[in-house]
Amino acid sequence: MSVLDRGPREQIQVLDEAGELVGDPPSLSDDELVAIYREMKLARHFDARAVSLQRQGRMGTYPPMSGQEAAQVGSAFALDEADWLFPSYREHAATHVHGVPLERTLLYWMGHESGNRMPDEANVFTIAVPIATQIPHATGAAWAATLRGDRHAFLCYFGDGATSEGDFHEGLNFAGVFDTPTVFFCNNNQWAISVPRERQTASETIAQKAEAYGFDGVQVDGMDPLAVYRVTREAVAKARDPDADESRPTLVEAVQYRFGAHTTADDPSVYRSQEEVEEWRGKDPIPRLETYLRETGRLDDERVDAIQASIEEEVSAAVDTAEGERRPHPEEMFSQVFADLPDRLREQLEDLERLRDRYGDERFLKE
Ligand SMILES: Cc1ncc(C[n+]2csc(CCOP(=O)(O)OP(=O)(O)O)c2C)c(N)n1
Ligand SMILES: [Mg+2]
């Protein structure tokens, strides 16, 4: 039986909090299981380095994702290369799995325009900061693919807070009516900045909202990488069913927690308790998968140490590459949005140019 048939009110789990198998594991090879573990560890280390760079003034604002590794890595692993991924601003691990180099993500948060440019070979849409705007984009792109006869899945990430936006309703309603091959993946991390999940919706689960749009909704333990993979894999397979009449969208709600702040500009201690954070830390996806892989003989101390060393090297190399780029000129702020600048923006650009003339290029860029 498909996990998608279990309804939107039962939470799907494969590994419990202690790393014990409590559900049917997905079919993944030993190498794939270790690769999922490595990507989650990489994401955790990347996150810590990125926050540290921001604290040292070497990066702008950054949205941390620690705690959300299983949801991101497990779901992105379920895609084939030709499938498309639509990220919000927190999907550093998911986009990496689907082919975006770490230095590209660092450049984005360092304020480089080039950070917006996804590699041609990675089917990843640009990062959406305006909440929920990527949902109608993903639905529209999926519909266009269907009209062209392409059979790819379109995986769209968004948060619990995004479900209160009109774009969520419009995107899911359209997907249900036009059978678009979209997998709507809600990273329910319990908070939309300081607004808790229970102030976001009176629904018992977010997954059940799919019923109103006429397609399957499923809730999964988002701290369990194997459950996330299994659910997403089935949703993706249904989206790109070779028989176009069978293709249907799915809403996946991955229940999880962000351990850190909303962004480096946020202080979560003013709106949530330390006890709550500790309770969720007990569900940490990384030791959970590590225990399972050790107990089934797929990992040992030596392999774990080697993975850790290679991760640290990979992240350091990405930081060096990103910091090796020329700092962006402030004028670049004006170059990518309007073909013809409105008067007010033109005046600001001229002010910048006057400052550059007065202080010179070197000093101007430093200040
Ligand atoms: C349209 C829009 N309104 C408000 C904001 C400000 N804002 C940035 S993040 C955020 C909360 C989003 O919460 P959620 O969807 O749960 O995602 P999370 O940050 O928890 O991953 C808000 C309101 C925005 N970026 N875009
Ligand atoms: Mg949230």
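1. Domain bounds here come from an automatic or database domain assignment. On that basis, the protein chain splits into domain 1 (3-323) and domain 2 (330-366). Their centres, taken over C-alpha atoms, are 37 Å apart.

2. Ground rules. This is a predicted model, in which local features need pLDDT of at least 70, side-chain atom pairs count only at pLDDT 80 or more, and totals for chains, interfaces and linings use all residues. Residues are numbered from 1 along each chain as its sequence is written, chains are lettered from A and ligands numbered from 1 in the order in which they are written, and side-chain values use heavy atoms, with hydrogens and water left out.

3. Asp160 and Asn189 link distant parts of the chain, 29 residues apart. Asp160 sits in the loop between strand S3 (154-159) and helix H6 (166-178). Asn189 sits in the loop between strand S4 (182-188) and strand S5 (191-192). Helices (H or I, at least four residues) and strands (E, at least two) are DSSP runs, numbered from the N terminus.

4. Buried means under 20% relative accessible area, exposed over 50%, and partly exposed in between (1.4 Å probe, protein chains only). Asp160 counts as buried because its relative accessibility is 1%. Asn189 is also buried, at 5%.

5. Ligand 1 shell. A residue is near a molecule or strand if one of its heavy atoms lies within 4 Å of it. Around ligand 1 there are 15 residues, and the closest are Tyr89, Arg90, Gly161, Asn189 and Trp191. The shell divides into eight nonpolar, four polar and three charged residues. Ala, Val, Leu, Ile, Met, Phe, Trp, Tyr, Cys and Pro count as nonpolar, Asp, Glu, Lys and Arg as charged, and the others, Gly among them, as polar.

6. Ligand 1 contacts. A side-chain N or O atom of Arg90 lies 2.7 Å from an oxygen atom of ligand 1. Polar backbone atoms also take part: a nitrogen atom of the ligand is 3.1 Å from one in Val129, and a nitrogen atom is 3.0 Å from one in Ile131. Taken alone, ligand 1 exposes 590 Å², and the protein buries 69% of that. Accessible areas use the Shrake-Rupley method with a 1.4 Å probe; for residues, only the protein chains shown count as cover. A polar contact is a pair of N or O atoms within 3.5 Å; within protein, one must be able to donate a hydrogen and the other to accept it, and residues adjacent in sequence count only if both atoms are side-chain atoms.

7. Helix H2 (residues 69-76). This helix is mostly covered, with eight of its eight residues buried. Among them are Glu69 and Gln72.

8. Loop residues. Ser247 lies between helix H9 (225-239) and strand S8 (250-255). It is buried, at 2%. The side chain of Ser247 reaches the backbone oxygen of Ala239 at 2.5 Å. Arg272, in the loop between S8 and helix H10 (274-281), is buried at 8%. By contrast, Arg117, in the loop between helix H4 (102-109) and helix H5 (134-148), is exposed at 52%.
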